[in-house]
Each structure stands twice: as C-alpha cells, then as structure tokens.
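Trainee: Could you take me through how to read strand pairing, and then burial and overall form?

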Amino acid sequence: MNLRRNEIRTGEIANLHRFEGSIGRESILALFNVGSPESCDKRGIRRFLRRFLTDKYVIGLPAVFRHLLVRAIIIPLRWRRSLGNYRRIWTPEGPPLTAGMERLAARLREELSVPVIAVPRYGTIPLHKTLREIRKKNPQADRIVFLLLYPQYASSITATAIEYIHRQWKRSDCGLGLQLIAQYHDHPAYIGALAASIRPAMRNRAHLLFSYHSIPERQNDRSASIDPANDYRRQTVRTSELTAARLELEKNGYSTAYQSAMKGKWLSPSTKETLAALAGRGIRDIVAISPGFAVENLETLADLGQQASEAFLSAGGSSFTRVPCLDASDEAAVFIKTLLGR
C-alpha cells in the first residue's frame, strides 16, 4: 500500500476495498468505527480527545505542532464541553456508539454464524493485540474481513482507518489474510436500507434533510485531487440523490447539508443554516437523517437530534423528526449481509 501526501488512492488498494465472494465460516468479520471515550469523566474524555485529535489525518500539521496544539490548547478548552455533551447521551450500557456496535456485532454473529468483533479506531487496546487474541480463539479462520462503517470517503476517517489496520495487521503476524470493505455510498443495498428506514417517518408535506458530518474544504479538495473517486462532497450528494430517487421525491423535496463544522472553511451549507432557510420558505415539517453514521453517536443524538432540532423549531418550524441510524436494525442486517455476499 502506497501512501502519498497522507492520502490513499482507491485504485492502489483495490484488492483491499473490493470484497469478492461470500464470507464463510473460515472468516472473521471486524466492524470498524471511530470509537468513544471509555468513561464519562474528565480522564476518559481527555484521553479520547488526545488519541483522536493527535492523528495526523485529523489535524494535518507536523507532529510537534499537532501535539502542542492538541495538548496545550484544544483539550484544555474543549474537554468540559465535550464531557457535558457526552453526559447528555450516556446510557447505562455506556456510550451509544460502543453499545450500538456491540448490538450490531451480536446480531451479525448470530445471522452469519461467524466470529464478529467490534473494533474502535481510537480504543485503549492496540489492534495487533486484538488480532492475536481473536486468532487464538478461532484457529480455523484463514482471513479477517474489516467492514469500515464509513459509507463516504474522508481521509480523516477512511484513510487513517486503512493505514492503521494495515500497520497493525502486519505487526500482529497473526497469520490471517486481510480484506477491507469501504466506500459503499452508492451501493444499492445501502441505499435501500436508508430508504426503508426513512419511509415510515415521511409525511405528505415533510421535507427530507440529509445531514452529513462536515469536513474542511481543503481536506476534501486534496483527496479529490489525488483520486477523484475520493471526493467526499460528491459522494454525499450522490447518496442523497439515490436515496431520494428511491423514495420518489422531487428535487425540492429534500436537501443536503453538513453538520458539526469547526472554525474555518468547511463544507457547506451547514445544517443549522439550511434549517433556518427552510423555515423561512414556510416549510414546517422536517424529517432528518445522518446517512454517514451507521450507529448512534454524539453527532446524531446531540448535534442533530437536539441542537439542530431546537434551531429549526425556534425558527418557526412545527415538527422535527430524526430518523435513527441503521444500528442493529433489520435494514442494517440485510444491507450488511448483501455487502458480504450473503
């Protein structure tokens, strides 16, 4: 695998991205996602922010400046607000993303009859140790298939995941073959699952809002210049178009927006600005979904479900319905099994 300018070309890892055949009993399935803090307290939040924000793919500065910025400025300023946000969504099972990943793993374990594990990118246990352990428990296995639960490509999540998995896999010397599945933004099974989850919430006059996590414009432009197939903006728009078509919506019946942006030039229009504009046009009923997230998390529950909802209602809207993530639903199970050739 060749890495150029902190990016990965889709063509260069086609053997990893393109899953062929059907996952069988000799395989192990690993569901891969960002991860969450291990505890809802100062120590847990700070540790998670440090692991996440010091990733070179997340903040593209030289290591010395990146660590200085994160440890001396960002974390001291941000950890209290992050802790407050997590406290609002924390459940008896722990962080929603971790709990949701475990539920999805349990369901697929039962339906596929193969070992299934949930793997966080920013967890406390290094992946190479997890690979050695899972290999010991499953000596009959000959390969591990990583499903990156990131439908659209962004270097800050997809590229870092691929590099991390590949590096940790080589270090583990576990004897398992490696395959990756990623970038399924236009896969018919994924589009079908989204449409099926949205359809029950749609009302006659409701406007559908697709809200994706924003990324810096510079990051998107760099990825697209290296490989046009890795254009996050284009992929999100395509997901929205295909899902809307499956729902038989007119072009004025849905919008695409981007949430959770930081300071600087990030992909726009923002979700809150879009909601305000829709309210100004007289649209009173919104159905919103975050197609880029497979499992409930801080961005879906707090940013979209609470803050965006409040902004729309304050601007004159009458109702705001958030469609939950696919999580461990029937739609998710069917979609993933199709992706795996089952």
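Mentor: Two strands pair if DSSP finds at least two bridges between them, and strands themselves are DSSP runs (E, at least two residues), just as helices are runs (H or I, at least four), numbered from the N terminus. This is a predicted model, in which local features need pLDDT of at least 70 and side-chain atom pairs count only at pLDDT 80 or more, whereas totals for chains, interfaces and linings use all residues. Residues are numbered from 1 along each chain as its sequence is written, and side-chain values use heavy atoms, with hydrogens and water left out.

Trainee: In which sense do S5 and strand S7 pair, parallel or antiparallel?

Mentor: S5 (residues 207–213) pairs with S7 (residues 285–289) in the parallel sense over four bridges, and S5 also pairs with S6 (residues 254–259) in the parallel sense, over six bridges. Phenylalanine 210 stands opposite isoleucine 289 in S7 and opposite threonine 256 in S6.

Trainee: How many of the seven residues of strand S5 are buried?

Mentor: Buried means under 20% relative accessible area, exposed over 50%, and partly exposed in between, with a 1.4 Å probe and protein chains only. Six of the seven residues of S5 are buried, while across the chain buried residues make up 53% of the 342 residues.

Trainee: What is the radius of gyration of the chain?

Mentor: The radius is taken over C-alpha atoms, and the globule rule is 2.2 Å times the number of residues to the power 0.38. The chain has 20 Å, which agrees with the value near 20 Å for a compact globule of 342 residues, and its secondary structure comes to 12 helices and eight strands.
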